[in-house]
Amino acid sequence: MMESHLWLLHGALGAADDWQALSRDFHAAGIETHPVNLWQLPHRGGASWCDAAAAVNRHVARVPGRHVLAGYSLGGRLALHILRQQPSLWHAAALI
């Protein structure tokens with residue numbers, strides 16, 4: 001059975017820890033969660049949204065399994081770039 005991974009992108013006023021309670025529930029259901037710290041991605045300063053999306057896609061591509069993307073607010077905006085760049089990498093997405 002292929003392992004499932006849920007990649008979580010927080011909002012502009014949030015942090016990766018915002019997903020902690022939800023992550024426990026998914027983990028109990030056998031789904032690995034990966035809260036992404038948006039403030040550590042290369043989208044600040046002179047870098048672009050495309051650079052940040054490429055960084056996420058490179059990281060995800062190294063992890064075998066099914067990948068689902070969830071983005072809230074700013075994370076949803078970044079998720080659009082992530083999905084556009086490499087749609088075949090993702091099984092599903094939820095943008096909030």
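What follows is a friendly conversation about a predicted model, built from questions and answers.

Biologist: Let's start with Asn57. Is Asn57 buried or exposed?
Modeller: Asn57 sits in helix 2, which covers residues 49–61. Buried means under 20% relative accessible area. Asn57 has a relative accessibility of 2%, so Asn57 counts as buried.

Biologist: Which backbone oxygen lies 3.1 Å from a polar atom of the side chain of Asn57?
Modeller: Leaving out residues up to four places away in sequence, Asn57 touches Ile82, Gln85, Gln86, Leu89 and Trp90. One of these residues supplies the oxygen, and the backbone oxygen in question belongs to Ile82.

Biologist: And what else is Ile82 in contact with, leaving aside its neighbours within four places in sequence?
Modeller: Ile82 is among the residues with the most contacts inside the largest nonpolar core, which has 19 residues. Strand 1 (4–9), helix 2 and helix 3 are the elements that give two or more residues to this core. Beyond its sequence neighbours, and besides Asn57, Ile82 is in contact with Leu9, Ala53, Val56, Leu69 and Trp90.

Biologist: How are helix 2 and helix 3 arranged relative to each other, roughly parallel or roughly perpendicular?
Modeller: Helix 3 spans residues 74–85, and its axis comes within 8 Å of the axis of helix 2. The two axes cross at roughly 70 degrees. Angles of 65 to 115 degrees count as roughly perpendicular. Helix 2 and helix 3 are therefore roughly perpendicular.

Biologist: How many nonpolar residues are there in the contact of helix 2 with helix 3?
Modeller: From helix 2 come Trp49, Cys50, Ala52, Ala53, Ala54, Val56 and Asn57, and they meet Leu74, Arg77, Leu78, His81, Ile82 and Gln85 in helix 3. By class, the contact of helix 2 with helix 3 has three polar residues, one charged residue and, as the number you asked for, nine nonpolar residues.

Biologist: Leu78 is in that contact. What is the relative accessible area of Leu78?
Modeller: Leu78 belongs to helix 3. Its contacts beyond four places in sequence are with Leu9, Leu38, Leu41, Trp49, Ala52 and Ala53. The C-alpha atoms of Leu78 and Ala52 are 7.7 Å apart, although 26 residues separate them along the chain. Leu78 is buried, with a relative accessible area of 3%.

Biologist: His81 is another one I'd like to look at. The side chain of His81 makes a polar contact with the side chain of which residue?
Modeller: His81 lies in helix 3 and counts as buried at 18% relative accessibility. Leaving aside neighbours within four places in sequence, His81 is in contact with Trp49, Cys50 and Ala53. At 2.5 Å, the side-chain partner of His81 in the polar contact is Arg77.

Biologist: How many Å apart in space are His81 and Asn57, C-alpha to C-alpha?
Modeller: Both His81 and Asn57 are listed where helix 2 and helix 3 meet. Along the sequence they are 24 residues apart. From C-alpha to C-alpha, the separation of His81 and Asn57 is 10.0 Å.

Biologist: Moving to the strands, which side chain does a polar contact of 3.2 Å join to that of Thr33?
Modeller: Thr33 is found in strand 2, residues 31–36, and at 15% relative accessibility Thr33 counts as buried. Outside four places in sequence, Thr33 touches Leu6, Leu8, Ser23 and Phe26. The polar contact of 3.2 Å joins Thr33 to the side chain of Ser23.

Biologist: Last one: what is the relative accessibility of Asp51?
Modeller: Asp51 has its place in helix 2. Between the C-alpha atoms of Asp51 and Leu74 there are 15 Å in space. Asp51 counts as partly exposed, at a relative accessibility of 37%.

How values were computed
Residues numbered from 1 in each chain as written. Predicted model: local features only at pLDDT ≥ 70, side-chain atom pairs only at ≥ 80, totals over all residues. Heavy atoms only, no water. Helix = DSSP H or I, 4+ residues; strand = E, 2+ residues; numbered from the N terminus. Buried < 20%, exposed > 50% of the residue type's maximum accessible area, 1.4 Å probe, protein only. Polar contact = N/O pair within 3.5 Å; in protein donor to acceptor, adjacent residues only side chain to side chain. Contact = heavy atoms within 4.5 Å. Axes fitted to C-alpha atoms, helices over the stretch in contact; angles between N-to-C directions. Parallel < 35°, antiparallel > 145°, perpendicular 65-115°, else oblique. Nonpolar A, V, L, I, M, F, W, Y, C, P; charged D, E, K, R; others polar. Core = buried A, V, L, I, M, F, W, Y, C linked by side-chain atoms within 4.5 Å.
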